[in-house]
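Please look through the sequence and structure first.

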Amino acid sequence: PSGLSGPGGTCAGNGSPASACSLRTEGGGVQNGFSRFEAIFVVPTGVGDVEWVSPVTQEVDAAMRAEGRTMARLLHQMRVDLPLRDDIVAGTTPITTRSFVADVDDDGWLAVNNRAFRWHPDQSGWTADDLRRNEAEPWFDAEGFLLHEREGRLAGFCWTKVHPATDDEPALGEIYVIAADPDFTGIGLGRGLAAVVARQLA
């Protein structure tokens, strides 16, 4: 893929379809990209008639609300071109990873995921059935589901998707979900994992 997308981060702009954003490393390196907003709108009853809109602008938001719809979820998608520059990679924590192994890593991954996302409405409380359901998706590739271990246990992970090229978009890698166990936060695992998957996807 020629680019990498993922949620979150620090971006300039105020809901515009494409605003400036930057990937920053512990070493101070910056690689610029862009971001956009996408949203789910629902009718007031919340029953059926759900529409995913991308990108979302202030004009789109106003039009949806004029139809009586309510924004149920706002996604801030950030993108950066691949490959990452050498100075960006050099400014991240070097880490080793291995691919997820179904049935072997399930319990350990579920424990870390649910600890890391205990506050999140979608990603918290995953069960083995949720994991198997995602593994059955046509986009699932265990080679893009990377684990990082420390002190004999899972410390962090990064799970990616690859979106094929379309008439409007080039092939694009996506960080589907990335997390560090709460016991290992603050040591640069997130950026280190992002650098590893960016290199893998480039």
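## Overall make-up

Among contacts in the protein (heavy atoms within 4.5 Å) between residues at least 6 apart in sequence, 61% join residues at least 24 apart. The model is predicted: local features need pLDDT of at least 70, side-chain atom pairs count only at pLDDT 80 or more, and totals for chains, interfaces and linings use all residues. Residues are numbered from 1 along each chain as its sequence is written, and side-chain values use heavy atoms, with hydrogens and water left out.

The protein has five helices and nine strands. These are DSSP runs, numbered from the N terminus: helices are H or I with at least four residues, strands E with at least two. From the N terminus on, the order is β-β-β-β-α-β-α-β-α-α-β-β-β-α.

Of the 202 residues, 42% count as buried. Buried means under 20% relative accessible area, exposed over 50%, and partly exposed in between (1.4 Å probe, protein chains only). The accessible surface comes to about 10,800 Å². Carbon and sulfur atoms hold 53% of that surface. Areas come from the Shrake-Rupley method with a 1.4 Å probe; for residues, only the protein chains shown count as cover.

## Helix H3 and its partners

The axes of H3 (residues 106-116) and H4 (residues 128-135) come within 10 Å and cross at roughly 105°. Axes are lines fitted to C-alpha atoms, for helices over the stretch in contact; angles run from 0 to 180 degrees between N-to-C directions. H3 and H4 are therefore roughly perpendicular to each other. That class spans 65 to 115 degrees; under 35 is roughly parallel, over 145 roughly antiparallel, and the rest oblique.

On the H3 side, Asp106, Trp109 and Leu110 make the contact; H4 supplies Ala128, Leu131 and Glu135. The residues of this contact divide into four nonpolar, no polar and two charged. Nonpolar covers Ala, Val, Leu, Ile, Met, Phe, Trp, Tyr, Cys and Pro; charged covers Asp, Glu, Lys and Arg; the others, Gly among them, are polar.

The buried residues of H3 are Asp106, Trp109, Leu110, Val112, Asn113 and Ala116. They pack against H4, S7, S8 and strand S9 (172-180).

## Backbone exceptions

Most residues other than glycine have a negative phi, and most peptide bonds are trans. The bond from Leu82 to Pro83 is cis, with omega near 0°. Pro83 lies in the loop between strand S5 (70-81) and helix H2 (86-90).

Asp103 has a positive phi, near 75°. Its place is the loop between strand S6 (98-99) and H3. At 69% relative accessibility, Asp103 is exposed. Glu151 also has a positive phi, near 55°. The loop between strand S7 (145-150) and strand S8 (153-163) holds Glu151. Glu151 is exposed, at 70% relative accessible area.
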